[in-house]
Amino acid sequence: MGTVVRNAEYTKEYNRKLVLRLLRKNPVSRAEIARLTGLTRASVSLIAAELLEEEKIKELRPVGGQRGRMPTPLAICDDAGYALGIYLNRDGCTAGLVNMSDSILAQERVKLEEGSKEQKLEELRKTIEKLVQVSGVLKEKIWGIGVSAPGPLDGEKGEILNPPQFNLWHKTPIGAWLREKTGLPVFLENNATCLARYYYDSREAQDSENFLLLLVDSGIGSGIISKGKVLKGSGYFTSELGHISINYHGRPCPCGNVGCLEAYAAIPNLLRGTNFDSWRQLIDASKSDENAREIMRKEAEYLSAGVISLNHIVNIDTVILAGEVLYGAEQLIPLMEKQINSQALRRESQTVRVLPGKKIEGARILSASNIVFSRGLIV
Ligand SMILES: [Zn+2]
């Protein structure tokens, strides 16, 4: 009997979160919720009544010009919950406080250029305090802190492990530290996985069975969403495409491997020894400079080699590019698509598409805070 009650409670909680998850991105009518979730109309009405009573959702005015009674859209209440998002990367750190409808209420660039690790962590704590103060949000309404950082990391322990070129943060139990200082739950995930989940939750590439978010900037990050879920290896590892070798007699990589994709395709590594200081400068020059075009072609080759290897293990059908390479992506993408679709083993039966990641204002902070909401809305 106890099991039956527990199962019923679990199912109820699961269905409530399912509805909240759906409404977090867009207003949807009761009938549409039933259609999208497979719940009965009666169940949806009951759940909606409860969530309305708790002021977690609200009814909007019916829209549309057709005759007859229009369905009433339901929407999430902005103040149903809040999350803090911290995006930590090699080029700096930004943090923000976000409401349930993905509006950033306050944000700060965290000054981490100088000082010891302890001083930097203290700077993070002060920033969090300031964000809560400036936004005027009650701390008990904040669900937690999402930290997005370069991998590899241990998401379960909340520890940054040994990301190359990120030495100061090696072996930092940032989750436990922040939890102790703020009293809030902390969730740590790698930059690319965060962005992958955020794009997917924002209805990007929803028709894709397996999509890869390929983050190309000072490093190479990768996140794979397979059938709607983040693909994880055993233990705490998510995918680290940047550290598969594309040349086993090649350049040594700080990770310990040889010829890693990141050792060639991360922007600083690509441009080392050239006349170009940035990807943007390279793309601008490529309009008239054959040398710049050749370097860009090389980048397409490196990235495609990584995607092809991955495609032979996980059947990737869509690649979404993010990071610095979005500038001039219309030149890079056809080169990548051509190479991938002419060399991948499945080329006869499947075409891999490469898309530029949609530019979303505040995507760094939003993708980090999204970890909190997405964890809070699963059972
Ligand atoms: Zn490596």
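User: Which residues of α2 meet which residues in α3?
Analyst: On the α2 side they are R30, A31, I33 and A34, and in α3 they meet R41, V44, S45 and A48. Contact is taken as C-beta atoms, placed from the backbone, lying within 7 Å. Helices (H or I, at least four residues) and strands (E, at least two) are DSSP runs, numbered from the N terminus.

User: What should I know about the model and the numbering?
Analyst: The model is predicted, so local features need pLDDT of at least 70 and side-chain atom pairs count only at pLDDT 80 or more, while totals for chains, interfaces and linings use all residues. Residues are numbered from 1 along each chain as its sequence is written.

User: Back to the helices: at what angle do the axes of α2 and α3 cross?
Analyst: At roughly 120°, with the axes of α2 (residues 30-37) and α3 (residues 41-53) coming within 9 Å. That makes α2 oblique to α3; angles under 35 degrees count as roughly parallel, over 145 as roughly antiparallel, 65 to 115 as roughly perpendicular and the rest as oblique. The axes are lines fitted to C-alpha atoms, for helices over the stretch in contact, and angles run from 0 to 180 degrees between N-to-C directions.

User: New topic. What is the strand order in the open sheet?
Analyst: The order is β1-β3-β2, three strands with antiparallel pairing. Strands pair here if DSSP finds at least two bridges between them. β1 (28-29) and β2 (57-59) are the edge strands, each pairing on one side only.

User: How many bridges do β2 and β3 pair over?
Analyst: Three, between β2 and β3 (residues 73-76). I57 stands opposite I76 in β3.

User: And α5, which residues are buried there?
Analyst: I174, G175 and L178, in a helix that spans residues 174-182. They cover an arc of only 100° around the axis, which puts them on the same side of α5. The arc is that of the directions from the helix axis to the C-beta atoms. A residue is buried if 20 or more other C-beta atoms lie within 10 Å of its own, exposed if 12 or fewer, and partly exposed in between.

User: What covers them?
Analyst: The cover includes β7 (142-149), β9 (159-160) and β10 (186-190). Among the residues that G158 touches are I174 and G175, along with P173, A176, V186 and L188, not counting residues up to four places away in sequence.

User: Where is G158, and is it buried or exposed?
Analyst: G158 lies in the loop between β8 and β9. G158 counts as buried because 21 other C-beta atoms lie within 10 Å.

User: D102 and K171, buried or exposed?
Analyst: D102 is buried, with 21 C-beta neighbours inside 10 Å. K171 is exposed, with 10 other C-beta atoms within 10 Å.

User: Where is the cis peptide bond?
Analyst: From G151 to P152, with omega near 5°. P152 is in the loop between β7 and β8 (153-154).

Methods:
Two residues are in contact if their C-beta atoms, placed from the backbone, lie within 7 Å.
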